[in-house]
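Here are my notes on the model, as numbered points. Please read them with the structure open.

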Amino acid sequence: MAQDKVTSVDVARLAGVSQSAVSRYFTPGSSVSKKTAEKVREAAKTLGYRPNILARSLITGRSRMIGLVVAYLENYFYPEALEKLSTALQAEGYHVLVFMASQTAGNIDDVLAEILDYQVDGIIMASAALSSELSTRCQAAGVPVVLFNRRQDDPSLTAIGSDNVAGARALADFLIAAGHERIAHIAGWEGASTQRDREAGFRDGLSAAGRELFARELGNFEPENAREAARRMFDRPDRPDAVFVANDHMAFFVMDVLRFELGLSVPEDVSVVGFDDVPPAAWPAYSLTTVRQRANRMVEETVSALLELIENPQADPKQIALEAPLIVRKSARKPEGWAS
């Protein structure tokens, strides 16, 4: 025989408090005395009570759910960032719904339309772009959107990321200072703002020194494409002596091709630099010189911006580009006199 469902009335009766006190205890941000909280907690534990979140959302108009759209989990940076985002939102009393989308934006509109059906309080777009039509629909529905590690030419959207331009320019300066003459670039997916900004910053650094790219190939942020790009670029007599790979994930595969297929030494024959500073970049097998994306700061700024927009829909949008420091390791030749 099925057991009757435990209600807040049952908890209130056992705890010896009012039903409204039980409701306040289970409502994030509400005030309840320490003594009452202890009574409610013990009664709920004894009865096995859990609040009906969906029912409460009908009353409050808030689902306490955040939609998180992710399009690129192969890169080590995103699983780590996803975990940090989820943890930070849960600490604020929100539940996270994760939706996967195509990196090339082909199905992102469909995915976002599905998210809106869940009556989420806000949306975070990680490694994904947003069409102007869907942006308008989100605004009309009163659902704030924050772009994470992406930006768009839309001043009405809040975007949190790294200063990709300055970070990539620092890489160019570093390679030039080390005496490299034939500096190349393996690009990521050209539809991504991160790729465009990184290449722009890198080219700016070369141009300031009177240089230009010696060679360029497209890796599309995909392992096999990165491997093929490395083969085309380096299996030739006039190969580059340094290469900036648009992210660490591709750089690892490029280094493997250089060392294990083409018999080249890194950094003696070729210096390799990346961008992101994901955990394997510090492994001795790669020891990759790269630019660090400060995931903790990015998550803090993203969650703060989203919660502000949820509480105050009229808040001004923010475009934040966090400093991205150069991390020097052993995959690239160091300039003479480099301190570390």
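1. Leu73, Val98 and Met100 make up a nonpolar surface patch, and together they have about 240 Å² of accessible area. Patch members have over 30% relative accessible area and no salt bridge; like charges are joined within 9 Å, nonpolar side chains (Val, Leu, Ile, Met, Phe, Trp, Tyr) within 5 Å. A salt bridge is a side-chain nitrogen of Lys or Arg within 4 Å of a carboxyl oxygen of Asp or Glu. Accessible areas are from the Shrake-Rupley method with a 1.4 Å probe, and for residues only the protein chains shown count as cover.

2. This is a predicted model: local features need pLDDT of at least 70, side-chain atom pairs count only at pLDDT 80 or more, and totals for chains, interfaces and linings use all residues. Residues are numbered from 1 along each chain as its sequence is written, and side-chain values use heavy atoms, with hydrogens and water left out.

3. Leu73 sits in the loop between β1 (65–70) and α5 (77–91). Helices (H or I, at least four residues) and strands (E, at least two) are DSSP runs, numbered from the N terminus. At 33% relative accessible area, Leu73 is partly exposed (buried is under 20%, exposed over 50%, partly exposed in between; 1.4 Å probe, protein chains only).

4. Asn149 is not a glycine, yet its phi is positive, about 60°. Asn149 belongs to the loop between β4 (145–148) and β5 (158–162) and is buried, at 4% relative accessibility.

5. Asp276 also has a positive phi, near 135°. Asp276 lies between β9 and β10 (290–291), in a loop, and is buried at 2%.

6. The peptide bond between Val266 and Pro267 is cis, with omega about 10°. Pro267 is in the loop between α11 (248–261) and β9 (271–273).
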